Amino acid sequence: MIHSQPRFDRVRKCLAVLCLLVLAAALPAACAFAEEAETAAVSDAAVVKNPKATDRLNLREEAKDGAKSIGRYYNGVQVTVLEETSKTWSKVSVGSGAGTLTGYMKTKFLAFGDKADKVKTATPMFVSTTASWDVYAAPDSEAESVGTFGFGKIVQILGINDKWWHVSVDGTTGFIKAGKSKMLGETIGIVNNTGKDDQLFMRVKPSQAAKAFGQYYNGVIVKVLSYPSKTWAKVEVAGEKGYMLRKYLQIGVMPGDAPTAIPTMTVSTTAESVSLLQKPSKNAAKQGDGKLENGASVQVLGVFKDWSYVKTDSMAGFIQTQYLK
C-alpha cells in the first residue's frame, strides 16, 4: 500500500514531538549529573599545583588579590579545603596539629582527586647538621615549641615567607626562623669508608699529613661547605670545620640510602647522669638540658681523643668516652 503525503507528514511530526519529550525528560538527570561531577572536583583534600615547579602559591589572609601573603607554598604540598568561598578562592589549612596555618588560596592552582596524584612534589628536603633546634607552633618568636629536633633529621620545607619557614619534621609541622636556615645542610655527605668498621678522619688541613681531630663511622652525616680540590671536601660536623677525603663521602644522598655502621652504646656512670656538652672540653657549655641519664642508649657518631660525639633522639653532643660501654 502506498501512503499519501499528508499522512506521512503527520507521522513525521508525531515522531518529532516524541523525541522532544524524551529529551525534555532526560535533561534534568543530565544537569544533575553535571552538577554532581563539578561538585566532586572539590574535595576536602588537595595539593598545590603551580604552573611552574619553581613557582610558589600564596596563602593569603583574605580571599582577594593583593591581600597580605602569610606564606608561599611549593608544588605537592597538601592542603585541607575548608570552604570554597567563591569560584576563584578556597579557604584552606596547611599543616597539622599546632603548626597549622589557615588562609585563602586560588582554587585554579589546586589539584584534586586523581589529578593531585599526578603533581610532582617540589618541596625542598634538607638534613639537619646542627645538634639541637626547636620547631614552633606559629611564625612568632613567642610561640610555644612543638618539638625539639637534632642532628640528622630530615626537614621538608612546605612554604616560606621573608622571616619563617613552614616545615615538616617526623610528621610534626611548625615553623623555624628563615634566618636560622644555616642550621640545615643544603649539601650533605654521608661517611662511606671502604671497611664497614673503618672510621674517616677529619683533618685541620686538606692533607693526609695534617693533624686529625675527629674520626667518624659509616653513615654519619656531614655538611659539605666546599671542595678545595678534587681530593678533599671542606666539611662541618659537630660544630667543627675540617677536611675529609671526598672518595669516602657519598654526596647528595639521603639518610637511609647509604650503609651505616654507627654503633649504639650505653651510658655507664656511678652518678645519676653525665654531662652532654657542645664541645669536647670539660669547660664547654651544656647541650640542651645538659645531661644523659645512667643507662641511656646513644649512637656514637665519632671519636675525639678522650671524647665521643653522640646522638640521642632529640639532640647530639659530646660525652667523655670513659662513660660509655
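Reader: Leaving aside its neighbours within four places in sequence, which residues is H166 in contact with?

Author: H166 is in contact with Y73, V94, G99, L101, Q156, I157, L158, G159, T173, G174 and F175, where contact means heavy atoms within 4.5 Å. The model is predicted, so local features need pLDDT of at least 70 and side-chain atom pairs count only at pLDDT 80 or more, while totals for chains, interfaces and linings use all residues. Residues are numbered from 1 along each chain as its sequence is written, and side-chain values use heavy atoms, with hydrogens and water left out.

Reader: Why is H166 called buried?

Author: Buried means under 20% relative accessible area, exposed over 50%, and partly exposed in between (1.4 Å probe, protein chains only). H166 has a relative accessible area of 2%, and is therefore buried.

Reader: What makes the pairing of the H166 and Y73 side chains a polar contact?

Author: A polar contact is a pair of N or O atoms within 3.5 Å; within protein, one must be able to donate a hydrogen and the other to accept it, and residues adjacent in sequence count only if both atoms are side-chain atoms. The side chains of H166 and Y73 make such a contact at 2.8 Å. The H166 side chain also reaches the backbone oxygen of G99 at 2.8 Å.

Reader: Why is N50 called buried?

Author: The relative accessible area of N50 is 7%, so N50 is buried. A polar atom of its side chain lies 3.3 Å from the backbone nitrogen of L57. Beyond its neighbours within four places in sequence, N50 is in contact with residues including Y73, Y74 and F109.
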